[in-house]
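Here's a quick briefing to read with the model open on your screen. Have a look at the structure, then work through the notes below.

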Amino acid sequence: MRKVFAREGGDTPLVALDGVDMEIEAGQVVVIIGPSGSGKSTLLRTINALETVNGGTILVHGEEVTAKAANLPRLRAGVGMVFQHFNLFAHRTAQENVMLPQTVVLRRGRAEAEKVARGLLERVGMLDWADQYPAQLSGGQQQRVAIARALAMHPRVMLFDEATSALDPEMVGGVLDLMRSLAADGMTMIVVTHEMGFARDVADRVAFMDAGAVVEEGPPARIFDHPEQDRTRRFLSMVI
């Protein structure tokens, strides 16, 4: 897989992804680590077709995301994504934020969407705040609502793009615990994070990226305790 961005002014193009080749089985949790600008978030955005690739193929459950005739709304409905910044609708309550994609994309009736929303808000510990607006919620609470909103689409894959990096330190643990529970339930997850403890504890595989490429990947114990590449060792020595 290859993704190239044009630079302004006609300078040399920026290669954001270069030769990325990964296969993730259903039910696996893959954590992607690496320095800022290494292509981690771009990789997630290509899986959800929020960025197009210049070369290569992306398949999600056998469907080709990169095909010209791909039904992107349907594909995206099956691939939930949780962003660093929560992207909730400020003028809608927590419950309404979880209901909206169900009624618009899945064409669910209001009663069914409300039932699903309340069930998911209860799961993420936010039912008592169902009628609150985003401005009335803490960052950690907003991120829990964002996760509930993604789950409302019944995704087959969940993408987490540094979901805790914008949170106050005391809010991080609760969101990570929620992500751990999703992993324990067998959700297929691809997680970009700087939380190395989470990666060690939850991931089936860890991939280290740098300069748009996957430098190495493997089980957490090997990557963290016995990395094979000098670049991986240098990065880990700075963050652990």
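Which hand does the crossing of α5 and α6 have? The crossing of these two helices is right-handed, meaning that the near helix is turned clockwise from the far one by less than a right angle. Bear in mind that this is a predicted model, where local features need pLDDT of at least 70, side-chain atom pairs count only at pLDDT 80 or more, and totals for chains, interfaces and linings use all residues. Residues are numbered from 1 along each chain as its sequence is written, and side-chain values use heavy atoms, with hydrogens and water left out.

**The α5/α6 pair**

- Helix α5 covers residues 139–151 and helix α6 covers residues 169–184; helices here are DSSP runs (H or I, at least four residues), as are strands (E, at least two), numbered from the N terminus.
- The two helices pack at an angle of about 20 degrees, with axes 9 Å apart; axes are lines fitted to C-alpha atoms over the stretch in contact, and angles run from 0 to 180 degrees between N-to-C directions.
- That makes α5 and α6 roughly parallel to each other (angles under 35 degrees).
- On the α5 side, the contact (heavy atoms within 4.5 Å) uses G140, Q143, R144, I147 and L151, while α6 brings M171, G174, V175, L178 and L182.
- Sorted by type, the residues of this contact come out as six nonpolar, three polar and one charged, with Gly counted as polar and Arg as charged.

- Strand β8 (residues 188–192) is mostly covered, with five of its five residues buried (under 20% relative accessible area, 1.4 Å probe, protein chains only).
- T188, I190 and V192 point one way from β8, and M189 and V191 point the other way.
- In a regular strand, side chains alternate between the two faces of the sheet.
- β8 pairs in the parallel sense with strand β3 (residues 29–33) over four bridges; two strands pair if DSSP finds at least two bridges between them.
- V31 has V191 as its bridge partner in β8.
- Strand β7 (residues 157–161) also pairs with β8 in the parallel sense, over five bridges, and D161 stands opposite V192.

**Two positive phi values**

- Most residues other than glycine have a negative phi.
- H154, in the loop between α5 and β7, has a phi near 55 degrees, and at 53% relative accessibility H154 counts as exposed (over 50%).
- E162, in the loop between β7 and α6, has a phi near 50 degrees, but E162 is buried, with a relative accessible area of 15%.

Technical notes:
Parallel < 35°, antiparallel > 145°, perpendicular 65-115°, else oblique.
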